[in-house]
Amino acid sequence: MISVMMRAIVLSGPGPVENLELKELPLPDQRDGWVRIRVEAFGLNRSEYHTRLGFAEGVDFPRVLGIEAAGTVDWAPESSGLVPGQKVVTMMGGMGRIYDGGYAEYTSVPQEQVIPFESELPWDVLGSVPEMLQTAYGSLSVGLDLQPLQTLLIRGGTSSIGMAAAALAKQIGATVLATTRRADRLDTLRERGVDHPLLDDGDVAKRVHAIFPDGVDAALELVGTPSLPDTLAATRVHGTVCMTGMLSDQWTVENFYPIGYIPSGVRLTGYGGEASDLPREVLQRTLDDIASGTLQWPVSRVYDGLEQVRQAHADMEANAAAGKLVVRVRPAG
């Protein structure tokens, strides 16, 4: 008999990791226009940490967190063109905020945010890809329009997005500078192909101008508004800074006066995308490149089973890893 119940991690309300509770819930209903996915793995994201602490707006509790998932189609309407057993990823679109997300054995999402693919990569790798790729690819393409031979500064280089962006930028043919606040992670950046690892002492602009006197062509800001002025100062006239991340947990600039805040001639953009911003061919090409070994993908730690979600959240909160944290819903073996 087919089970009508599933296990999921439910956030009872804002607070510590103990508020993440493993529970049995009804299997998501079959709904027209929605696809039910059998989740195999999912990556952890800083936004889920923000939601757990109560920073996210418009979230009702209890809620199953998770803004991404990788797995197989369990049920789909005929109009979707998807079939049971087909490998898919999904991300964003209100997952884990407006409706229940990927921290579960099954999740149901709107069909327009489901992207099919073909790959024999293990699920822990596949689970790391959706949101990290969508954000890194969108930041470099839409946010920065990065071109071959340009110079790119990544502020927050040992974050999962930072490492993914560095890998994609090297494929494009850019020269990459990336920062870390920990001296013991400079070698990690070198091993990931970063041309100029920089220790972030708060004055990165000075270090950048010592290498490139005019500044970099492009900069990806992942730390947040506290470091944004220094990142802008590291960028050349007619260069572009893309604000994408908020590792510092600070979102806004108080008393923002653009003429005094943004250096003359430097362009400031932002990026925040959805599943529709990740072309299927880009996802497939990336998976193929990971499988062939031509693209280093920054999976840092893999946790076996939903029982490990609390530990994974604690590690994320402590910045205990460089790269992506992934939970495999059904442990190997």
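**Overall size.** I started with the radius of gyration of this predicted model. A compact globule of 333 residues would have one near 20 Å, and the protein has 20 Å, so the two agree. I then looked at the box filled by the C-alpha atoms, which is roughly 70 × 40 × 35 Å along the principal axes.

I looked up burial next: 56% of the 333 residues count as buried.

**Charges.** I found 28 positive and 42 negative charges in the protein, and their mean positions lie 3 Å apart.

**Elements and contacts.** My tally of secondary structure reads 10 helices and 16 strands. I also checked how far contacts reach along the chain. Taking contacts between residues at least 6 apart in sequence, 70% join residues at least 24 apart.

My list of the buried ones runs Ser160, Ile161, Gly162, Met163, Ala164, Ala165, Ala166, Ala167, Leu168 and Ala169.

What do these buried residues pack against? I noted two helices by name, H3 (130-143) and H5 (186-191). The strands are S9 (151-155), S10 (175-180), S12 (216-221) and S16 (324-328).

For the helix pattern, I keep a reminder here: an α-helix has 3.6 residues a turn, so residues three or four places apart point the same way.

I then stepped past the end of H4 and came to Gly173, whose phi is positive, near 110 degrees.

**Ala76.** My last stop was a loop residue. Ala76 sits between strand S5 (68-75) and strand S6 (87-91). Is Ala76 buried or exposed? I read 15% relative accessibility for Ala76; buried means under 20%, so Ala76 counts as buried.

Which residues does Ala76 touch, leaving aside neighbours within four places in sequence? I found Trp34, Val35 and Leu82 in contact with Ala76. I also checked Ala76 against Gly102: they are 26 residues apart in sequence, and their C-alpha atoms are 17 Å apart in space.

Conventions
Residues are numbered from 1 along each chain as its sequence is written. This is a predicted model: local features need pLDDT of at least 70, side-chain atom pairs count only at pLDDT 80 or more; totals for chains, interfaces and linings use all residues. Side-chain values use heavy atoms; hydrogens and water are left out. Buried means under 20% relative accessible area, exposed over 50%, partly exposed in between (1.4 Å probe, protein chains only). Helices (H or I, at least four residues) and strands (E, at least two) are DSSP runs, numbered from the N terminus. Contact means heavy atoms within 4.5 Å. The radius of gyration is taken over C-alpha atoms; the globule rule is 2.2 Å times the number of residues to the power 0.38. Lys and Arg count as positive and Asp and Glu as negative; His and the chain ends are not counted. The place of a charge is taken as NZ of Lys, CZ of Arg, CG of Asp or CD of Glu.
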